[in-house]
Amino acid sequence: MKPAIDKLFILEKVRDSALTAKVRAALKGVPAREISSPEAAYQEVLTKPDPVAAGKKVLLITENQGRFIKPCPGTKHYTCCGYHILHVGSYCPMDCTYCVLQTYFHPPLLQLFANQDALFTELEGLSTAWPRVRRLGTGEFTDSLVWEPLWDLTPRLVEWFGNQDRAVLELKTKTVNISGLKGLAHGGKTILSWSVNTPRIIREHEKGAAPLAARLSAAAACAEAGYALAFHFDPLVPYEAAEQEYRKVVRQIFAAVDPDRVAWISLGTLRYPPSLGEVMERRRPGLTLGEMIPGLDNKMRAFKPIRMALSRAVAQEIRTLAPGVCAYFCMEDRQVWEKCMGFWPGEEGLSRLLDKSAARVCGIRIS
Amino acid sequence: MDLADGAFRLSETPPAEALVSSVRLLGLLSPPLLREREDSRFQILDGFKRVEACRLADMESIPALILDKDASPDFCAMAAVAANASSRPLTLLETSRAIRLLAPDKPWEERREVIRRVLGLEGGEGYVQDIESLSRLPETVQKAVEADAVALPVALRLRDMEDKDAEAVARLFLRLPQSLSRQRQVVDLVAQIGQREGLSPAQVLEDPDIRRAMEEEGDRNAAGAKVRSILYRRRYPVMAEETEKRKQTLSELCLPPRITWHPPPHFEGLTHSLRMDFDSADELSNHLDRLRRLLDHPALKKLLP
């Protein structure tokens, strides 16, 4: 499905880029304006009564002036997985209540970066400049596959990763835009991953995203095409029937795909900075009404006994159905790990654990 | 004189007994400001309490200052507000009513100047509108604001509620006065419980335990704390239960005086801390002995699993 863009801004310096041509062709009929600085696009969003919603319909084609490869911004208080972000674009046209990007980017505005050659130059330098980078993904600052109708970056990335054996590319999505992945020389080095949630949370809080069953069918199709898979239970939202419903999602996953194809499954309970809490309350109230407390990183989190109970239930279900799959917590402390997973990998250990899993499922060299 | 005409009334409080006595003894020293209406009856602009005191003192005629019949409504309003504001500091609600009277139909820039010059109030449009809105709140809420039982920021939140809900909250604070931060806490809890349970704030406050706490005679601070605790337990049932359990476990440790245990706030993080106060090496030594013995205490395993 094509993102519903109302207005297109193109930075003058990238007007002749390949990306600009592709986006213009894909968004024929959408008003487009060339601008000398991004300010006009920012104002288009900031002057609207609800910039968070307005920004999901305004696309700026621009350049990434910083690094394309960035460490995922974890905090020292909780165990981080040492992931690296491929920053290919910003923000997301889907509308998930809890999405951190709503307050992460100022202003919240869809951006795609046209200087993709610079991205590949950075990737080429990976083996020397970034010796510890094993897992990279495009799905942290935007959805990895939501832009497929507009660009061809993903196949280029998949084939670039397919030609090396030191790192994996993770494409994290809530869409089913997988048609462009068929027939690519992926070499097993790309992991297709889906954020999953219960049908109730998807229905109420993931507007514009694909239903669970469609995500799982897409995952099965990707596994069929030889891709590795991953799933992210993030956020796990505590509510009355949450344990049973999340357990059911785990069962649905393993009814659809072979556990041997799954590189990892992450669990992360609902958490948000207070500023995002205000946006959530204003735009779609409900999620902030659980028993939330300020965490050590100043993000609001579900009260620990509540999130441990839910996490333990999901982890147990995964262990029962797929004991060999690497399940891990995104940003949790030692106590939660030990009580729910039965072990704590240590501050540096989680990164190694996931690297090993990538080596096992995707065949990368980690020595 | 039309005593029922309160178009320019800023204060709802009746005249103090002392004013009535003074009028009885000395007569009216400061005449009220009136205006003759089209129907030839007089309308009070300033001096409602004095006129009422004279009535209570059975005076049949009083001296008065009377504005020209053709004085414009805006001029009368300015005169009424200026007369009040120059004689005493206005309360928040009186200020609100005064703002409502001043140039209500003029553009903001012009109005701001009138408000500044007549009332001496500086501030942006939003601030002035906030104050002005107070006198549109339901009567019980206005009464609570006037009695300082509802603080301005809380009154502004009640403005967003249905009248019956705002009144229910105001009745609670009139009965059990609380500090601003506690008022905020109560309003947050009531609103969140209502949102989660699909109830209006008034319905939340109909909880029998809350009603009982409100009706109890005795220590109102304790009753206020009880209401907050009832609301907290309803809003955060698991957290309240776990906190209670932890309190119980800590009490099982039987820590001696001058040693206090501080678990991680909100159960987040793993670091506990102990504080020891001592005045002598002996006391320190005793503390350390007690702490060493604590290591074998079964309650410690519950606290540090």
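Okay, housekeeping before we start. Residues count from 1 along each chain as its sequence is written, and chains are lettered from A, with ligands numbered from 1, in the order in which they are written. Because the model is predicted, local features need pLDDT of at least 70 and side-chain atom pairs count only at pLDDT 80 or more, while totals for chains, interfaces and linings use all residues; side-chain values use heavy atoms, with hydrogens and water left out.

Let's go to the interface. Chain A puts in 21 residues and chain B puts in 15, where contact means heavy atoms within 4.5 Å. Together they bury about 1500 Å², with 64% of that on carbon and sulfur atoms. By buried area I mean the accessible area, with a 1.4 Å probe, that two parts lose on being put together, summed over both.

Now the charged side of things. There's 1 salt bridge between chain A and chain B, meaning a side-chain nitrogen of Lys or Arg within 4 Å of a carboxyl oxygen of Asp or Glu. That's Arg307(A) with Glu268(B), and their closest N and O atoms are 2.6 Å apart. Where does chain A's touching side come from? Strand 16, helix 12 (304–321) and helix 13 (334–341) of chain A each give at least two residues, and helix 12 has the largest share, with 4 residues. Helices here are DSSP runs of H or I, at least four residues, and strands are runs of E, at least two, numbered from the N terminus. By type, that side of chain A splits into 10 nonpolar, 4 polar and 7 charged residues. The nonpolar set is Ala, Val, Leu, Ile, Met, Phe, Trp, Tyr, Cys and Pro; Asp, Glu, Lys and Arg are charged, and the others, Gly among them, are polar.

Strand 16 also sits in a sheet. Three strands of chain A make an open, antiparallel sheet in the order 15-17-16, with strands 15 (271–272) and 16 (292–294) at the edges, each pairing on one side only. Strands pair if DSSP finds at least two bridges between them; strands 16 and 17 (residues 300–302) of chain A have 3. Ile293(A) stands opposite Arg301(A) there.

Leu8(A) has Ala32(A) as its bridge partner.

One more salt bridge, this time within chain A: Lys172(A) meets Glu140(A) at 2.7 Å, N to O. Those two are 32 residues apart, with Lys172(A) in strand 10 and Glu140(A) in the loop between strand 9 and helix 7 of chain A.

Most residues other than glycine have a negative phi, and most peptide bonds are trans. His106(A) and Pro107(A), though, are joined by a cis bond, omega about -5°, and Pro107(A) is in the loop between helix 4 and strand 8 of chain A. Asp234(A) to Pro235(A) is cis too, with omega near 10°, and Pro235(A) is in strand 13 of chain A. Over in chain B, Asp58(B) has a positive phi, near 60°, in the loop between helix 2 and strand 3.
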